[in-house]
Amino acid sequence: MSKYRLFLLRHGEGAWNKENRFCSWVDQKLSENGVREARECGKLLKEHGVQFDVVFTSILSRSVQTAWLVLEAMAQEWVPVVKDWRLNERHYGSLIGLNRAEMASQHGEEQVKLWRRGYDMTPPPIEESHPYFQEIYNDRRYTTCDVLKENLPRAESLKAVLERLLPHWDHAIAPEIRKGRTVLISAHGNSCRALLKHLEGISDQDIVGLTLPTGVPVLLELDENLQPVKPRQLLGDRDKIEAAIRKVEDQGKVTPSAR
Ligand SMILES: O=C(O)[C@@H](COP(=O)(O)O)OP(=O)(O)O
């Protein structure tokens, strides 16, 4: 029987989602469309009568901004928000800033899919000469983490994301759920995929086929052991959700302009 409800959310569309570039640890704001998606998500959750007790976000602006907009649309701005780097997007290493369609044209769509969705695939690490290295590692937010800046990742597989996320799940998020609190996790495509893999016991092979659209809330109903009691539900209009998933998958395909 379902005892707890957990909501997972990939932030609304960011500026670089729109430009089809790997954004990862680069701090981009939501696009106009992303702002609209986040507000619509809040409206939908309000219509479902959801009342949040606590929200967890990454320390990247797009996930924080999404949480604010959702809470504002629900008239629940007062709800506490806990931010932690452990919910950050996967660190895409040297791929950060590159255009996916151009990568597909150079390396093939299969290779790009493997880089994006393979479980144990780590891209080459970001080097100090990378155009976004200084911007990321000189940012003050990374002095606030529970690991030294020198020990923060320089590239991650999805497996590595799950490993750095689990302590935060175990020590901060799961205890809130066990207290009966309704939790929203406003995070990223890959930090949410990693958590879903863990909670739903998705295999290393099957996780390749899981893509999350931006701005669509995912409802998990959990038992007392925090095991899902039924399949996850993506809330909202079916056709729109399927189109949004296809849009993310198609980002890794060659487009005429990228040839
Ligand atoms: O880093 C990024 O660009 C995307 C994920 O990219 P893909 O894994 O879908 O290529 O993360 P998000 O928009 O959820 O923060």
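Buried, in these legends, means under 20% relative accessible area. The model shown is predicted.

**View 1. Tryptophan 16 meets tyrosine 132.** Both of these residues are buried. Their ring centres sit 5.2 Å apart with the planes at 80°, so we call this pair edge-to-face. Tryptophan 16 belongs to helix H1 (residues 15-18), while tyrosine 132 comes from the loop between helix H5 (109-117) and helix H6 (133-137), so the pair ties together parts that are 116 residues apart in sequence.

**View 2. Phenylalanine 22 meets tyrosine 92.** Here the ring centres are 4.5 Å apart and the planes make an angle of 50°, so this pair is tilted. Phenylalanine 22 is in the loop between H1 and helix H2 (32-47), and tyrosine 92 is in the loop between strand S3 (81-83) and helix H4 (100-107), 70 residues apart. Phenylalanine 22 has a relative accessibility of 1%, so it counts as buried; tyrosine 92, at 4%, is buried too. Look for arginine 100 as well: it lies over the face of phenylalanine 22, 4.6 Å from the ring centre.

**View 3. A cluster of rings.** Trp25, Trp85 and Tyr142 are linked into a cluster by ring pairs. Across the whole structure, a search turns up 6 aromatic pairs.

**View 4. Arginine 154 over tyrosine 137.** Arginine 154 lies over the face of the tyrosine 137 ring, at 4.9 Å from its centre.

**View 5. Cysteine 41 and cysteine 192.** A search of the whole structure finds 0 disulfides. The closest cysteine sulfur to that of cysteine 192 is in cysteine 41, but 11 Å is too far for a bond. Cysteine 41 is buried at 2% relative accessible area, and cysteine 192 counts as buried at 2% relative accessibility.

Technical notes
Residues numbered from 1 in each chain as written. Predicted model: local features only at pLDDT ≥ 70, side-chain atom pairs only at ≥ 80, totals over all residues. Heavy atoms only, no water. Disulfide = S-S within 2.5 Å. Buried < 20%, exposed > 50% of the residue type's maximum accessible area, 1.4 Å probe, protein only. Phe/Tyr/Trp six-rings, centres within 6.5 Å; stacked < 30°, edge-to-face > 60°. Helix = DSSP H or I, 4+ residues; strand = E, 2+ residues; numbered from the N terminus. Lys NZ or Arg CZ within 6 Å of the ring centre and 35° of its normal.
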